[in-house]
Amino acid sequence: MQYIASLSYGKDSIAMLEVIKQHNMPLDRIVHVEIMATDTIPADLPPMMEFKKKADKIIKERYGIEVEHIHNKETYEHHFYRRYMRGKRVGLIYGFPSIRAPWCNSDVKIPELKKLNRNNIAYIGIAADEPNRFHNLTERKISPLVECGVSETEARKICEELDLLSPIYAHSARGGCWFCHNQPIAQLHLLRKQYPEYWALMLKWDNDSPVTFKPNGTTVHDFEQRFAFEDAQITLFEKEENT
């Protein structure tokens with residue numbers, strides 16, 4: 001049996017490593033499940049990928065364990081172009097998720113963690129002041145933060161002191177997958193502006209999908225028209241201000 005820390009690079013999972021160290025809790029492995037957009041493009045944006053590299057180096061130096069990066073062979077794109085084998089939609093591709101939930105956890109991430117944690121003890125990052133998440137804890141799925149009474153605020157402080165605070169906490173941008181259908185409009189606008197190559201892929205998927213990007217019927221192309229108009233208005237305003 002091994003003791004395995006599941007690392008998300010959020011403040012709670014990173015602070016968890018320090019709590020394990022400070023309380024001399026057993027730890028054999030540190031594992032991160034990487035979600036992939038395509039075979040070559042990760043689900044995290046470049047700043048987060050850079051942070052992971054930095055964090056891995058600090059974690060290895062401080063805790064003496066190298067972070068293992070694993071991923072499901074199924075990417076978001078694989079799931080997107082998978083075809084229905086039965087029912088009314090037989091032959092059609094899945095497209096954007098019709099279930100407006102964090103499907104990536106259940107379809108991509110959780111299966112890998114289940115295989116990894118079979119017959120082992122899993123450490124997960126849940127803070128002591130997150131009772132709504134305590135239902136995830138079992139005899140084999142333990143939160144060192146809960147065991148030691150460490151709150152979310154205290155977890156963030158630990159990360160700041162170790163220079164291991166994720167960039168998602170430094171600004172209002174949302175963390176998680178850049179293609180997620182649950183992300184807010186402002187984040188989609190930021191994606192279009194800062195990562196046009198990713199936005200172009202979103203537009204391609206939008207053309208192919210039999211399901212709209214948002215459950216209210218809004219497509220990625222609808223957002224494209226909106227953002228193009230808003231950016232044009234801003235540019236016009238800036239020109240008027242400078243004359």
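## A charge over a ring

In this predicted model, the charged end of Arg82 lies over the ring of Tyr94, 4.9 Å from the ring centre. A charge sits over a ring if NZ of Lys or CZ of Arg is within 6 Å of the ring centre and within 35 degrees of the ring normal.

Local features need pLDDT of at least 70, side-chain atom pairs count only at pLDDT 80 or more, and totals for chains, interfaces and linings use all residues. Residues are numbered from 1 along each chain as its sequence is written, and side-chain values use heavy atoms, with hydrogens and water left out.

## Aromatic pairs

The whole structure holds 17 aromatic pairs; rings of Phe, Tyr and Trp (its six-membered ring) pair if their centres lie within 6.5 Å. Phe223 and Phe227 form a stacked pair (planes under 30 degrees apart), because their ring centres are 5.8 Å apart and their planes at 20°. Both belong to helix α9 (residues 220–241), where a spacing of four residues separates them by about one helical turn. Phe223 and Phe227 are both buried, meaning under 20% relative accessible area (1.4 Å probe, protein chains only).

Ring pairs also join a cluster of Tyr76, Phe80, Tyr81, Phe96, Trp178, Phe179, Tyr195, Tyr198, Trp205 and Phe213.

## Helices α1 and α2

Helix α1 (residues 11–22) packs against helix α2 (residues 46–63) at about 0°, with the axes 12 Å apart. This makes α1 roughly parallel to α2, a term for angles under 35 degrees. In contact (heavy atoms within 4.5 Å) are Ile14, Leu17, Glu18, Lys21 and Gln22 of α1 with Phe51, Ile59, Arg62 and Tyr63 of α2.

Terms used. Rings of Phe, Tyr and Trp (its six-membered ring) pair if their centres lie within 6.5 Å; planes under 30 degrees apart count as stacked, over 60 as edge-to-face and the rest as tilted. Helices (H or I, at least four residues) and strands (E, at least two) are DSSP runs, numbered from the N terminus. Buried means under 20% relative accessible area, exposed over 50%, partly exposed in between (1.4 Å probe, protein chains only). Axes are lines fitted to C-alpha atoms, for helices over the stretch in contact, and angles run from 0 to 180 degrees between N-to-C directions. Angles under 35 degrees count as roughly parallel, over 145 as roughly antiparallel, 65 to 115 as roughly perpendicular and the rest as oblique.
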